[in-house]
Amino acid sequence: MWEYLHLISWAAIIILTIAAWICYPKSEKSFTIFAMIDRVFYIVLILSGIMMIQYSLETSWLVSIFKILMGVITIGVIEMLLSFRKKKRPTGLFLVLFVVAVIITISLGFYLSGGSPLF
């Protein structure tokens with residue numbers, strides 16, 4: 001169950017981040033709504049990750065710790081991306097970092113789950 005919740009949260013965060021990034025010039029209100037919903041999914045993501053940590057530590061504790069760090073870094077990059085977008089500052093670097101961090105984090109998650117997102 002936690003695996004499904006974790007995977008759905010990641011998908012929602014990615015979709016909401018991209019939607020917020022795209023909609024900002026058109027609607028600041030929509031941007032704020034997407035960003036707030038994004039933050040709710042951070043909480044769900046972190047809680048589901050905590051519930052699954054025992055499984056990943058059994059597989060490989062070093063990779064697990066790296067994945068946890070990458071998850072936190074990814075959330076930080078998303079927040080920086082959205083804050084720079086709202087301040088109308090260049091977001092190219094954070095957009096690239098967002099894509100790289102998401103790919104690394106999800107790849108580590110697949111690795112820890114034995115090749116599939118669901119145990």
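Predicted model: local features only at pLDDT ≥ 70, side-chain atom pairs only at ≥ 80, totals over all residues.
User: Why are H2 and H3 called roughly antiparallel to each other?

Analyst: The axes of helix H2 (residues 28-59) and helix H3 (residues 61-86) cross at roughly 175°. Angles over 145 degrees count as roughly antiparallel, and H2 and H3 are therefore given that description. Their axes come within 10 Å. The residues of this contact comprise 12 nonpolar, 4 polar and 6 charged.

User: What makes H1 and H4 roughly antiparallel?

Analyst: Helix H1 (residues 2-23) packs with H4 at an angle of about 170°, the axes being 12 Å apart. The cut-off is again over 145 degrees, so H1 and H4 are roughly antiparallel to each other.

User: Which residues of H1 and H4 meet, and how does the contact divide by class?

Analyst: From H1, Trp10, Ile14, Thr17, Ile18 and Trp21 meet Leu95, Phe98, Val102, Thr105 and Ile106 of H4. By class, the contact has 8 nonpolar and 2 polar residues, with no charged ones.

User: What makes the pair of arginine 39 and glutamate 79 a salt bridge?

Analyst: The side chains of arginine 39 and glutamate 79 meet at 2.9 Å, N to O. A salt bridge requires a side-chain nitrogen of Lys or Arg within 4 Å of a carboxyl oxygen of Asp or Glu, and the pair therefore qualifies at 2.9 Å. The structure holds 1 salt bridge. Arginine 39 belongs to helix H2 and glutamate 79 to helix H3, 40 residues apart, and the pair links distant parts of the chain.

User: Why are arginine 39 and glutamate 79 each called partly exposed?

Analyst: Partly exposed covers values between the 20% limit for buried and the 50% limit for exposed. Arginine 39, at 31% relative accessibility, therefore counts as partly exposed, and so does glutamate 79, at 24%.

User: How do you know that lysine 67 has no salt bridge?

Analyst: Lysine 67, found in helix H3, has glutamate 3 as its nearest side chain of opposite charge, 12 Å away. The salt-bridge limit is 4 Å, and lysine 67 therefore has none. Not counting residues up to four places away in sequence, lysine 67 touches His6, Trp10, Thr105, Leu108, Gly109 and Leu112.

User: What class of accessibility does lysine 88 have, and why?

Analyst: The relative accessible area of lysine 88 is 67%. Exposed means over 50%, and lysine 88 is therefore exposed. Lysine 88 is found in the loop between H3 and H4.

User: What phi does lysine 88 have?

Analyst: Lysine 88 has a positive phi of about 60°, although it is not a glycine. Most residues other than glycine have a negative phi.

User: Why does glutamate 28 count as partly exposed?

Analyst: Glutamate 28 lies in helix H2. Its relative accessibility of 46% falls between the limits of 20% and 50%, so glutamate 28 counts as partly exposed. From C-alpha to C-alpha, glutamate 28 and lysine 86 are 8.2 Å apart in space and 58 residues apart in sequence.

Notes. Residues numbered from 1 in each chain as written. Heavy atoms only, no water. Axes fitted to C-alpha atoms, helices over the stretch in contact; angles between N-to-C directions. Helix = DSSP H or I, 4+ residues; strand = E, 2+ residues; numbered from the N terminus. Parallel < 35°, antiparallel > 145°, perpendicular 65-115°, else oblique. Nonpolar A, V, L, I, M, F, W, Y, C, P; charged D, E, K, R; others polar. Buried < 20%, exposed > 50% of the residue type's maximum accessible area, 1.4 Å probe, protein only. Lys, Arg positive; Asp, Glu negative; His and termini not counted. Contact = heavy atoms within 4.5 Å.
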